[in-house]
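Here is a friendly walk through the model, one topic at a time. Please keep the structure open beside the text as you read.

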Number of protein chains: 2
Amino acid sequence: MWPPKGKFECPQGALLRILIRIRQFMKIIQIIKEIQDLSFNLKQEGKTIGFVPTMGFLHEGHVRLVRAAKLECDVTVVSIFVNPAQFCPGEDFDKYPRDEKKDLCILEKESVDIVFIPETREMYPDQSNTFVETEGSLIENLCGRTRPGHFKGVTTIVAKLLNVVLPDVAYFGQKDAQQAIVITRMIKDLNFPVKMRVMPIVREMDGLAMSSRNIYLLPEEREQATSINKALSIAEKMFYNGENESSVIKKTIIEQLNNNKNLKIDYVEIVDTERLEPVSTIETDVIIAIAAVVGETRLIDNVIVRSS
Amino acid sequence: MWPPKGKFECPQGALLRILIRIRQFMKIIQIIKEIQDLSFNLKQEGKTIGFVPTMGFLHEGHVRLVRAAKLECDVTVVSIFVNPAQFCPGEDFDKYPRDEKKDLCILEKESVDIVFIPETREMYPDQSNTFVETEGSLIENLCGRTRPGHFKGVTTIVAKLLNVVLPDVAYFGQKDAQQAIVITRMIKDLNFPVKMRVMPIVREMDGLAMSSRNIYLLPEEREQATSINKALSIAEKMFYNGENESSVIKKTIIEQLNNNKNLKIDYVEIVDTERLEPVSTIETDVIIAIAAVVGETRLIDNVIVRSS
């Protein structure tokens, strides 16, 4: 369990002390104009900015992104914004887990320089009507199939945040592999002056990919959720032992997953890393990707296997 | 006729001399990475960048934008790129007038600092698949009705150019009123750190709005084309003389235009300046806008009337 529970529970007195320290060391900004001006000035001073966009409820996966930013850049900016535009109707926007105090404690401990926590109205004023959208196979396959409009919401908010934070480098996690590839495409296509870093998946002790949504899982579901990462490990081993027929690998994954009564498969796909199109025989680098609903919680995970 | 013809015809010897001067004084850049790095360095030096995006075949309308940029900013960048994405099927992309030599002569004379002239492949590499689109009434009315996809092409290329040139201020002409409003919306919605300036329409001696497409007009059509600006002047006078019923003003405009046998009306609209939605009674600032095809040339023009 990360972070150790007691350490971040922030009882009243400790919280006050931490908030005072935060005021001194970590800037918390809610207004676009304010952070945009600050970033502009930092850049004029020759400082490089590393940016970690998040939806909050931070876990060690996020912390690894922060640490990578701190290693590579002069100034680290983290945004916390649960982006309504990337939730489809009927999805978990309202109940998406939020804990800003704990998030700030974590970021302060990591010596983050600036946290940007805008209100929804600040990011989407009333008349807002412009969207960024990647078209084609990149958003049609995998999660794009069951989450229509999701990636349009993602590319739009990331484009906005890049213009607001003006980073030199942006950090994303490999857990959301399709998101990382779609954003990489967007940055390239729209010529954003930003480098993209995709960091490896961080896992719990039992291999479950870290996700803010893991908190939804009931104990029995939590146990069954690990069948996703276990199935991926088996698939990976099959490939490195010589199996390169997607259908054979997928069949094994599906059998593994179907052993769990609380788990419903959304997709099991083996796709190339460029266009995210399904491959029948694995001859290039591919992503083996799973989405499944465990209880009522939709989880995703993936592994990249290298063909050479 | 602007510019005086003889002055910019660039015979061989003069051209050579000008090219040598251009090399010394005006940077001509074709590669995104090159201008992006240059702009980045300029900004780090604290220089402000004024940007005039054009499709070339420059006329005095463009020159006025350049002069505004030069007045307001430390460095002036002009781009010349005939953007295929904003031409609809069957439109004049292939025959759109081009004269890069003359354009460079004009820009050099205006002491422009940097000209960005990319190849199509540089702006749209093969896999390019991300688009910026403003939705709703802004792109559905006026030109959006007869030019489907046009504004998607415009917002996408402008977003790309803003990321490439990194300007502090971008300059557009009021002649393309809808374009200016759509781009203003985009800059606001996507939080581009760029100020938008919209400069007044520049007209020929007889009132015809300057446009690169005026070159298409045969002598008789050229004469009839002025009925567009004449109709707008009449409409403007009607309003300031107390007429505020759109239908009455539009009727007068249509009658004026229909007197010309080579002219076919595309639209005559009176719309508010915020959402570009038709108004029946003029109570706020409005744009009176005309699009008409004269011979085979589509021309647009407009006038803003102030309600107070």
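This is a predicted model: local features need pLDDT of at least 70, side-chain atom pairs count only at pLDDT 80 or more; totals for chains, interfaces and linings use all residues.

## How the two chains relate

Chain A superposes on chain B by a rotation of 180° with 0.0 Å of shift along its axis, and the RMSD is 0.0 Å. That is the relation of a two-fold axis.

Through what surface do the copies meet? Of the interface residues of chain A, 100% are also interface residues in chain B, so the copies meet through the same surface.

## The parallel sheet of chain A

Chain A holds an open sheet of 6 strands with parallel pairing, in the order β1-β4-β3-β2-β6-β7. β1 (27–29) and β7 (195–199) of chain A stand at the edges; each has a single partner strand, so one side of each is left without a neighbour in the sheet. From one strand to the next, the twist averages 25°.

Follow chain A into the loop between β3 and α4 (100–109), and you will find Asn83(A). Is Asn83(A) buried or exposed? Its relative accessibility is 1%, and because buried means under 20%, Asn83(A) counts as buried.

The side chain of Asn83(A) has a polar contact of 2.5 Å with that of Tyr124(A). Setting aside neighbours within four places in sequence, Asn83(A) is in contact with Met55(A), Phe93(A), Tyr124(A), Gly153(A), Val154(A) and Ile157(A).

## An antiparallel pair in chain A

Strand β8 (residues 263–272) of chain A is mostly covered, with 7 of its 10 residues buried. β8(A) pairs with strand β9 (residues 286–294) of chain A in the antiparallel sense, over 9 bridges. One place to look is Ile270(A), whose bridge partner in β9(A) is Ile288(A).

## Helix α10 of chain B

Now over to chain B. Helix α10 (residues 219–240) of chain B has 22 residues, and from its first C-alpha to its last it reaches 33 Å, close to the 32 Å expected at 1.5 Å a residue. Its buried residues include Ile228(B), Leu232(B), Ala235(B) and Phe239(B). An α-helix has 3.6 residues a turn, so residues three or four places apart point the same way.

What do the buried residues of α10(B) pack against? Their partners are α11 (246–257), β8 (263–272), β9 (286–294) and β10 (297–305) of chain B. Just after α10(B), Gly242(B) takes a positive phi of about 115°.

## A partly exposed threonine in chain B

Thr146(B) sits in helix α7 (residues 143–146) of chain B. With 41% relative accessibility, Thr146(B) counts as partly exposed.

Apart from neighbours within four places in sequence, Thr146(B) is in contact with Asp266(B) and Arg298(B). The side chains of Thr146(B) and Arg298(B) make a polar contact (3.5 Å). Val303(B) is 157 residues from Thr146(B) along the chain, and the C-alpha atoms of these two residues are separated by 20 Å.

How values were computed. Residues are numbered from 1 along each chain as its sequence is written. Chains are lettered from A and ligands numbered from 1 in the order in which they are written. Side-chain values use heavy atoms; hydrogens and water are left out. Helices (H or I, at least four residues) and strands (E, at least two) are DSSP runs, numbered from the N terminus. The expected span of a helix is 1.5 Å times one less than its number of residues. Buried means under 20% relative accessible area, exposed over 50%, partly exposed in between (1.4 Å probe, protein chains only). Contact means heavy atoms within 4.5 Å. Copies are superposed by least squares on the C-alpha atoms of residues with pLDDT of at least 70 in both. Two strands pair if DSSP finds at least two bridges between them. Axes are lines fitted to C-alpha atoms, for helices over the stretch in contact, and angles run from 0 to 180 degrees between N-to-C directions. A polar contact is a pair of N or O atoms within 3.5 Å; within protein, one must be able to donate a hydrogen and the other to accept it, and residues adjacent in sequence count only if both atoms are side-chain atoms.
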